[in-house]
Amino acid sequence: MKDKVGLGLTPIASGINELTTSPLSFYPNPANEKLFVDFGNSAVKDIEVSIRDITGKSQKTFVVSRPNRVVDLEGFESGLYFLQFSIGTQVYTERLIIQP
């Protein structure tokens with residue numbers, strides 16, 4: 001492949017997959033006492049969701065059934081967490097901040 005100034009360049013794969021929109025939404029973020037989780041119009045019936053700490057250890061796992069779920073965050077320390085869930089072979093990870 002030649003660029004506009006005539007240098008020979010070889011394309012390199014970046015390893016970054018195309019971004020996909022998560023079918024699950026949650027609010028508020030930052031959260032404190034409760035977290036509302038919804039997967040709206042998705043055709044999936046139930047989604048298992050895990051809240052993980054920054055080391056990747058699961059702190060809470062729950063199932064979201066149509067159309068939404070309220071999650072009690074009592075007992076969580078303030079900090080950065082990750083909501084992780086999968087649909088088929090696609091794994092989604094979303095950042096969640098918990099504040100007092």
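Modeller: A definition is needed to begin with: patches are made of residues with over 30% relative accessible area and no salt bridge, and nonpolar side chains such as Val, Phe and Tyr are joined within 5 Å. The model is a predicted one. In this model, Tyr27, Phe36 and Val70 make a nonpolar surface patch of about 270 Å².

The accessibility of each member can be set against that cut-off. Tyr27 has a relative accessibility of 47% and therefore counts as partly exposed. Phe36 is also in the partly exposed class, because its relative accessible area is 32%, a value that is over the 30% required of patch residues. For Val70 the relative accessible area is 42%, so this residue is partly exposed as well. Val70 belongs to strand S5, which covers residues 68–72.

A pair of aromatic rings is described by the distance of the centres and the angle of the planes. The search of the whole structure finds 3 aromatic pairs. One of them is formed by Tyr27 and Phe36, which are stacked, with 5.4 Å from centre to centre and 15° between the planes. The angle of 15° lies under the 30 degrees that define stacking, so the pair is assigned to that class.

Another aromatic pair, Phe76 with Tyr81, is edge-to-face: its centres are 5.4 Å apart and its planes stand at 80°. Phe76 counts as buried because its relative accessibility is 18%. Tyr81, at 9% relative accessibility, is therefore buried too.

Ser50 lies in strand S3, residues 46–52, and is classed as buried because its relative accessibility is 8%. Its side chain makes a polar contact of 2.9 Å with the side chain of Ser58. Beyond its neighbours within four places in sequence, Ser50 is in contact with Ser58, Lys60, Thr61, Phe82, Leu83 and Gln84.

A last point concerns the segment before strand S1 (25–27), where Thr21 is placed. Thr21 has a relative accessible area of 73% and is therefore exposed. The C-alpha atoms of Thr21 and Tyr92 are separated by 9.3 Å, although these residues are 71 residues apart along the chain.

Technical notes: Residues are numbered from 1 along each chain as its sequence is written. This is a predicted model: local features need pLDDT of at least 70, side-chain atom pairs count only at pLDDT 80 or more; totals for chains, interfaces and linings use all residues. Side-chain values use heavy atoms; hydrogens and water are left out. Patches are made of residues with over 30% relative accessible area and no salt bridge: like charges are joined within 9 Å, nonpolar side chains (Val, Leu, Ile, Met, Phe, Trp, Tyr) within 5 Å. Accessible areas come from the Shrake-Rupley method with a 1.4 Å probe; for residues, only the protein chains shown count as cover. A salt bridge is a side-chain nitrogen of Lys or Arg within 4 Å of a carboxyl oxygen of Asp or Glu. Helices (H or I, at least four residues) and strands (E, at least two) are DSSP runs, numbered from the N terminus. Buried means under 20% relative accessible area, exposed over 50%, partly exposed in between (1.4 Å probe, protein chains only). A polar contact is a pair of N or O atoms within 3.5 Å; within protein, one must be able to donate a hydrogen and the other to accept it, and residues adjacent in sequence count only if both atoms are side-chain atoms. Contact means heavy atoms within 4.5 Å. Rings of Phe, Tyr and Trp (its six-membered ring) pair if their centres lie within 6.5 Å; planes under 30 degrees apart count as stacked, over 60 as edge-to-face and the rest as tilted.
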